[in-house]
Amino acid sequence: MAEEKQDNKLKLYSYWRSSSSFRVRIALNLKGLQYEYKAVNLLKGEQSHPEFLELNPVGFVPVLVDGHAVIFDSLAIIMYLEDKYPQQPLLPSDIHKRAINFQVASIVSSTIHPLHNLSVLNYIGEKVGPDEKLPWAQSIIRRGFTALEKLLKDHTGRYATGDEVFLADLFLASQLYAAFKRFNIQMNEFPILSRLHETYYEIPAFREALPDNQPDAVH
């Protein structure tokens with residue numbers, strides 16, 4: 001019975017500094033789901049190994065394995081968890097608030113994060129110059145954060161869209177952490193986001209998901 005239970009355990013293929021993996025870890029923690037952490041070292045190119053590409057042909061983390069179900073892309077994983085494990089809902093019932101949550105998720109996952117991920121920064125370093133990587137990332141983040149400040153100014157409560165944690169907070173927490181820790185963004189430029197960044201540290205599910213708290217973290 002114990003072996004069968006272990007086989008049915010959720011598996012998350014993750015890298016400690018991956019923002020996409022970070023937001024999925026938060027979702028798993030909020031819903032109280034136990035999972036097996038499967039480290040994929042992006043710096044060593046493990047995402048390009050044939051066995052990993054069998055799981056995700058795109059060659060990115062995170063990947064969630066739930067029995068026979070294999071899901072990649074952080075938003076797809078989070079929505080899968082939302083549908084299968086309805087405890088601690090990650091979307092509000094109000095349709096306008098839901099739309100704001102999806103907008104925040106889209107800005108982070110489409111407008112900001114893909115333009116400063118590891119492969120893009122490496123390409124810029126090779127084709128333009130290593131000194132251009134940080135300014136590029138900062139310009140992308142600032143543009144996205146400016147849009148997020150305007151979007152959220154009439155909707156925030158304790159958290160991004162009110163006094164409960166929802167989808168937007170997962171995407172913001174991971175992106176804010178990367179901006180502050182990796183890309184030296186001065187958060188006083190963005191008062192709403194800066195306040196939210198501090199608030200997220202008060203939530204155990206967020207703290208446990210922090211990159212530095214993962215088993216493959218390099219300190």
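This is a predicted model: local features need pLDDT of at least 70, side-chain atom pairs count only at pLDDT 80 or more; totals for chains, interfaces and linings use all residues.
View 1. Helices here are DSSP runs of H or I with at least four residues, strands are E runs of at least two, and both are numbered from the N terminus. A cavity is a set of points on a 1 Å grid over the protein atoms alone where a 1.4 Å probe fits but cannot get out, and lining residues have an atom within 4 Å of a point. The structure holds one cavity of 30 Å³ or more. About 70 Å³ of space lies in the largest cavity, a volume being the space filled by probe spheres set on the points, with grid points joined across faces, edges and corners.

**View 2. Who lines the cavity?** Look for Phe 22, Ala 173, Tyr 177, His 197, Tyr 200, Tyr 201, Phe 206 and Leu 210. By class, that's seven nonpolar, one polar and no charged. Ala, Val, Leu, Ile, Met, Phe, Trp, Tyr, Cys and Pro count as nonpolar, Asp, Glu, Lys and Arg as charged, and the others, Gly among them, as polar.

**View 3. Leu 170 in the largest nonpolar core.** This core has 70 residues, and Phe 145, Leu 170, Leu 172 and Tyr 200 have the most contacts inside it. Its largest share, ten residues, comes from α8. A nonpolar core is a set of buried Ala, Val, Leu, Ile, Met, Phe, Trp, Tyr and Cys residues joined through side-chain atoms within 4.5 Å; buried means under 20% relative accessible area (1.4 Å probe, protein chains only). Leaving aside residues up to four places away in sequence, Leu 170 touches Arg 23, Ile 26, Ala 27, Leu 30, Ile 78, Leu 90, Val 165 and Phe 206, where contact means heavy atoms within 4.5 Å.

**View 4. The largest pocket.** A pocket is an open set of points with protein on both sides within 12 Å along at least five of seven lines. This one has about 770 Å³ of space. Of its 31 lining residues, Ser 20, Phe 60, Val 61, His 113 and Asn 117 lie nearest its centre. The largest share of the lining, four residues, comes from α6. The lining splits into 13 nonpolar, 13 polar and five charged residues.

**Reading the views.** Residues are numbered from 1 along each chain as its sequence is written. Local features need pLDDT of at least 70, side-chain atom pairs count only at pLDDT 80 or more, totals for chains, interfaces and linings use all residues, and side-chain values use heavy atoms, leaving out hydrogens and water.

Terms used: Buried means under 20% relative accessible area, exposed over 50%, partly exposed in between (1.4 Å probe, protein chains only).
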